[in-house]
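This briefing covers one protein model, topic by topic. Please look over the sequence and structure below before reading the points.

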Amino acid sequence: MENSDIRTFQDDDLQDIVLQALYRIPDYLSIENNILIPLHINSEQGRILIIRKRLVVEGLIEEKEPDSPSSLVKITPKGYQIIDDFGIYKNYKKEHRKISQSQRAIQQLEEKNLRLKNLNIIVGLISFLIGSLSGFLLSDPIKNILRRWLEAN
């Protein structure tokens with residue numbers, strides 16, 4: 001490979017490179033020394049640290065020494081599963097975004113459904129009250145009372 005500047009890679013690409021390497025070598029590795037330098041990718045320590053921390057937060061890798069800026073890392077079982085299921089990190093992220101959007105849409109629909117159920121209960125209650133009141137007012141004893149009252153006036 002020719003020399004590449006790390007800025008030419010998107011974060012997802014670099015995260016995928018790290019995960020793919022860790023997937024193939026199930027041991028603690030240095031992202032910079034064992035993965036990027038052999039691939040002739042010049043690295044900025046700050047950018048590598050950000051990428052490493054993102055993968056840790058997602059639960060895809062674990063750090064041997066979390067406080068060290070150049071800690072060795074190892075893939076987690078979740079990281080293995082993601083590579084097995086999706087092939088590359090970008091596919092995982094794309095699917096994860098779709099799932100998140102679907103969950104938000106489901107939650108919004110459930111909230112709307114709850115509002116409609118509450119509205120249905122209110123309409124049913126009002127209908128019951130109106131029906132009961134109408135039935136009460138139209139009953140023969142009440143008609144007779146109302147008729148006597150109107151005739152008395």
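Pro77 and Asp85 are exposed residues on the face of helix 4 that is turned away from its buried side. The model is predicted, with an average pLDDT of 87 for the protein.

**Helix 4**

- Helix 4 spans residues 77-86, and its buried residues include Gly79, Ile82 and Ile83.
- Viewed down the helix axis, the buried residues of helix 4 lie within an arc of 95°, so they line one face of the helix.
- Helix 1 (11-24), strand 4 (73-75) and helix 5 are among the elements that cover these buried residues.
- Just after helix 4 comes glycine 87, which has a positive phi of about 85°.

**Nonpolar core**

- The largest nonpolar core has 22 residues, and those touching the most other members are Ile17, Leu19, Leu22, Ile35, Leu36, Leu55 and Leu60.
- At least two residues of this core come from each of helix 1, helix 2 (31-36), helix 3 (45-57), strand 4, helix 4 and helix 5.
- With 5 residues, helix 1 gives the most to this core.
- Leaving aside residues up to four places away in sequence, isoleucine 17 touches Phe9, Ile35, Leu36, Leu39 and Ile41.

- Lysine 93 sits in helix 5, which covers residues 89-137.
- The relative accessible area of lysine 93 is 16%, so this residue counts as buried, the cut-off being under 20%.
- Apart from residues up to four places away in sequence, lysine 93 touches Asp12 and Glu58.
- Glutamate 151 belongs to helix 6 (residues 140-152).
- Glutamate 151 has a relative accessible area of 61% and is therefore exposed, for which the cut-off is over 50%.
- From C-alpha to C-alpha, glutamate 151 and glycine 87 are 89 Å apart in space, and they are 64 residues apart in sequence.

**Confidence**

- A pLDDT of at least 70 is reached by 94% of the residues.
- Strand 4 has the highest confidence, at 95, and strand 1 (residues 4-5) the lowest, at a mean of 46.
- The pLDDT is below 50 over residues 1-7, a stretch that has 19 contacts in the model beyond near neighbours in sequence.

Definitions and conventions: Residues numbered from 1 in each chain as written. Predicted model: local features only at pLDDT ≥ 70, side-chain atom pairs only at ≥ 80, totals over all residues. Heavy atoms only, no water. Helix = DSSP H or I, 4+ residues; strand = E, 2+ residues; numbered from the N terminus. Buried < 20%, exposed > 50% of the residue type's maximum accessible area, 1.4 Å probe, protein only. Contact = heavy atoms within 4.5 Å. Arc of directions from axis to C-beta. Core = buried A, V, L, I, M, F, W, Y, C linked by side-chain atoms within 4.5 Å. pLDDT = per-residue confidence, 0-100.
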